[in-house]
Amino acid sequence: MCRNIKPLFNFDPPATEADLEAATRQFVRKITGMTKPSISNADAFEQAITEITRTCEQLFASLETSATPRNRKDWEAAHRTRSAARFNR
């Protein structure tokens with residue numbers, strides 16, 4: 001799966017609709033192998049993004065957890081640290 005898709009559930013502040021749509025767009029690009037669809041495929045591409053985004057919103061609304069929400073800034077900082085160590089930057 002694409003490494004750039006980040007977890008979006010159980011964060012404080014919660015993921016925005018724009019965050020979810022961006023992750024969905026990246027997912028659809030990955031599974032279709034297209035970064036930009038042709039004009040004839042654009043409607044199907046956008047419809048898939050809309051439907052998957054709606055499904056993810058429903059999923060997040062129905063998920064339950066007893067874990068405390070993770071702090072988004074702390075999580076991103078830890079992710080950058082791991083990435084820097086991994087790629088020896």
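Predicted model: local features only at pLDDT ≥ 70, side-chain atom pairs only at ≥ 80, totals over all residues.

Me: Where is Thr53 found?
Reply: Thr53 lies in helix H2.

Me: Is Thr53 buried or exposed?
Reply: Thr53 is buried, since its relative accessible area is 9%, and the cut-off for buried is under 20%.

Me: What does the side chain of Thr53 reach?
Reply: The side chain of Thr53 reaches the backbone oxygen of Ile49 at 2.7 Å.

Me: At what angle do H1 and H2 pack?
Reply: Helix H1, residues 17–32, packs against helix H2, residues 42–62, at about 125°, and their axes are 9 Å apart. H1 is therefore oblique to H2. The crossing of H1 past H2 is right-handed.

Me: Which residues meet there?
Reply: From H1, the residues include Leu20, Thr24, Phe27 and Val28, and from H2 they include Phe45, Ile49, Thr53 and Phe60. By class, the contact of H1 with H2 has nine nonpolar, three polar and six charged residues.

Me: Changing topic, where is Asn10 found?
Reply: Asn10 is in the segment before strand S1 (11–12). Asn10 counts as buried, at 17% relative accessibility.

Me: Which residues is Asn10 in contact with?
Reply: Apart from its neighbours within four places in sequence, Asn10 contacts Thr65, Ala67, Thr68, Pro69 and Arg70.

Me: And which backbone oxygen does the side chain of Asn10 reach?
Reply: That of Thr68, which the Asn10 side chain reaches at 3.5 Å.

Note on methods: Residues numbered from 1 in each chain as written. Heavy atoms only, no water. Axes fitted to C-alpha atoms, helices over the stretch in contact; angles between N-to-C directions. Helix = DSSP H or I, 4+ residues; strand = E, 2+ residues; numbered from the N terminus. Parallel < 35°, antiparallel > 145°, perpendicular 65-115°, else oblique. Left-handed = near helix turned anticlockwise from the far one by under 90°. Contact = heavy atoms within 4.5 Å. Nonpolar A, V, L, I, M, F, W, Y, C, P; charged D, E, K, R; others polar. Buried < 20%, exposed > 50% of the residue type's maximum accessible area, 1.4 Å probe, protein only. Polar contact = N/O pair within 3.5 Å; in protein donor to acceptor, adjacent residues only side chain to side chain.
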